[in-house]
Amino acid sequence: MSYVVSIWKHPTTWPLPGCLEEAMQQRRRLMRQAGPAEPLFQQLWARLQQRLPGLLPTADAPSPWLAPPPLALPEQAGARVWNLRLAEGEHLAAAQGCVVAEALALGLSLLDEQARELHRGDGVSLGVDDRAGCVVAWDLRARRQLTDAAQTLVHALARGNRLACRLLAEQVQAGLGVRQDPVLAAALTLAAHPWQRESGRLVPGDAAAREAAATLRHHLGPEGLRQAAAWLPRLLRSLDPAADPASLLAARLWPQAAATGGAEAGAAPPTAMPVKATPAAEPADVASPTRLPTTAQPQVEVMLHAAMAGDPRAQWQLGRWWQAGEAGLPADPQVALHWFRLGAEQGHPGAQCSLAQACKQGQGTPADPAAAVIWWQRAAHQGHAGAQYALGVASWQGEGTEADPPAALHWLFAAAAQGQPEALFLLGDFYAMGVSVPRHKVLGAALQRLAMRHGHAGPVAVALKSEQRAHARAWVQEWQPGQDLRPWIRRHGGGLPVHLQPVGPTGEPLDTTLPLDGLREVADTGPGAPDDAGPDTVPQGALAAADSPPTGRRGPAETTTRVFAPWQPGRPRSRPTAWWQGLRTAWSRLRGPWRRGGSRSPAG
């Protein structure tokens, strides 16, 4: 597969295209015109060869940047338009950013139909979203020209680019190429979301803005959030048309240049970009996410290039290496947290889950269970099984959020439906002990066997008879990951809480028309009956931290409208139904005279 970008020199007598359709029309007109080849194409090709190692394919190795032959070299291109074919893969983002930056540096225009972006030779970028205005900044960050990248983002922000607000907030928070300023970084994070005025107050424009404000309130406190929000009218022209964010940020981020009247504070981004990048000056004793030690393996350099170009998968992988101390990198939780946060803010579920785990355990940041729950929620809604399990446990234990057993079971069932071993084993504990679900020891053992089949260390912590163990092993073979657990549980005599709807991999309801008869007590006949004769073995593992009911017999539910909840001291246990109470009474009367040694007959 190839990714084609069209490059040309815009004729001075033609009007500049104002949209993608006009650019495609002008490209077609240029391709039909005959004339000498554009000399700037050769200069661009020379720059790309210096910027991208291994650009030309060899007999031994293909090019990681360009599509397989036939390769359209500048001298083989059309007279006025050069269609450059890039290779799709992990290097595509870096290659596309490099081509765009170098083409603009030479005053060439570039049309990217796949991304729906137009980069004009005068430095203006148009697209269907804000990404087009940040491509050059991503390339500058990949080349470690952090100050130039920040200046480019400032001017994009002044044109209303919200993605530029988020990228600039990352640099301001870490002090990369700018003065470090946590309050301004928080303000830029807020400015990346829509805001509006109501009755003289600023209110979030959507749910994402409310989540960002809640996260910053937790980190900075109410006073810090107030200071950050005070910047919004000066950063967003939608709130104040007279605002001048470019001058304001230049004076704030580069105070020395602003005091001396230097050109760096308010000047436009450089139009000529050197081929070889010079790393920004950084203190030697401070760990930098963009500086690699000499022991780093070769793949780390490639991954760093892609991560600085904005690839969330590369950012997540780089964070994992820094966290575990792999690939020749020293273990550094703070640098790992930096890359996890970049990937998480772009919506990568793995990075969101890793960031949540770091916030919970306090790795590279003070422990913050509430922030961990927020990131777990975002990853769980994208179908990440590990995040769904972690969110279920947090909701059950009330860690970082209010204890909510119905929500906990919802996410645990969603994770278990994907074959998440910890969630399967925990649900096995619940069924074996009758916690929030009707007690069913055979079904609990089957769930724990499923967990072991998907990687859990085990062992099964439920004592069963030999016949029951055989049934549990047979049930395990009937279920496959991706299927809803609810029909499987019902088929084998298990019950469900009334609030629990069948869910899919991302936690969405699958079929709300099914009858909610999950609160019926498991029948006392057949292979699925609870084994009251066996001992009540208390499972080990995840239930140790939860409030578990005391051992002993557990009666059926009272009515079909009650939601099962964990038993707590001081609350009466469920009372047996009438037929079960009558059966126990009759059996006691039959056994009573014999145990006392009396002579009364059973019929008497």
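The model is predicted. Its protein chain holds 24 helices and seven strands.

**Overall fold**
- The protein chain has 604 residues, and buried residues make up 48% of them.
- Take the contacts in the protein chain with a separation of 6 or more: residues 24 or more positions apart account for 58% of these.

**α17 against α18**
- The crossing of α17 past α18 is left-handed.
- From α17, the contact uses Val-373, Trp-376, Gln-377, Ala-379 and Ala-380.
- From α18, the partners are Ala-387, Gln-388, Ala-390, Leu-391 and Ala-394.
- This contact counts eight nonpolar residues, two polar and no charged.

**α18 against α19**
- Helix α18 spans residues 385–397, and helix α19 spans residues 405–417.
- Their axes come within 8 Å and cross at roughly 160 degrees.
- The two helices are therefore roughly antiparallel, because angles over 145 degrees count that way.
- α18 passes α19 in a left-handed crossing.
- The α18 side of the contact comprises Ala-385, Gln-388, Tyr-389, Leu-391, Gly-392, Ser-395 and Trp-396.
- The α19 side comprises Pro-405, Ala-408, Trp-411, Leu-412, Ala-414 and Ala-415.
- By type, the contact residues divide into 10 nonpolar, three polar and no charged.

**α18 against α20**
- Helix α20 runs over residues 421–433 and packs on α18 at an angle of about 35 degrees.
- The axes of α18 and α20 are 9 Å apart.
- α18 passes α20 in a left-handed crossing.
- α18 contributes Tyr-389, Val-393 and Trp-396, while α20 contributes Glu-422, Ala-423, Leu-426 and Phe-430.
- Here the count is six nonpolar residues, no polar and one charged.

**Cysteines**
- The whole structure contains zero disulfides.
- A disulfide is a covalent bond between the sulfur atoms of two cysteines.
- For Cys-165, the closest cysteine sulfur belongs to Cys-134, at 9.0 Å. That is too far for a bond, because the cut-off is within 2.5 Å.
- Cys-165 is buried, at 3% relative accessibility.
- Cys-19 is partly exposed, at 27% relative accessibility.

**Asp-181**
- Asp-181 sits in the loop between α6 (162–174) and α7 (182–191).
- Its relative accessibility is 7%, so Asp-181 counts as buried.
- Leaving aside residues up to four places away in sequence, Asp-181 touches Val-172 and Arg-252.

**Ala-208**
- Ala-208 belongs to helix α8, residues 207–229.
- Its relative accessible area is 33%, so Ala-208 is partly exposed.
- Ala-208 and Leu-190 lie 18 residues apart in sequence. Their C-alpha atoms are 9.7 Å apart in space.

Conventions
Residues are numbered from 1 along each chain as its sequence is written. This is a predicted model: local features need pLDDT of at least 70, side-chain atom pairs count only at pLDDT 80 or more; totals for chains, interfaces and linings use all residues. Side-chain values use heavy atoms; hydrogens and water are left out. Buried means under 20% relative accessible area, exposed over 50%, partly exposed in between (1.4 Å probe, protein chains only). Axes are lines fitted to C-alpha atoms, for helices over the stretch in contact, and angles run from 0 to 180 degrees between N-to-C directions. Helices (H or I, at least four residues) and strands (E, at least two) are DSSP runs, numbered from the N terminus. Angles under 35 degrees count as roughly parallel, over 145 as roughly antiparallel, 65 to 115 as roughly perpendicular and the rest as oblique. A crossing is left-handed if the near helix is turned anticlockwise from the far one by less than a right angle, and right-handed if clockwise. Contact means heavy atoms within 4.5 Å. Ala, Val, Leu, Ile, Met, Phe, Trp, Tyr, Cys and Pro count as nonpolar, Asp, Glu, Lys and Arg as charged, and the others, Gly among them, as polar.
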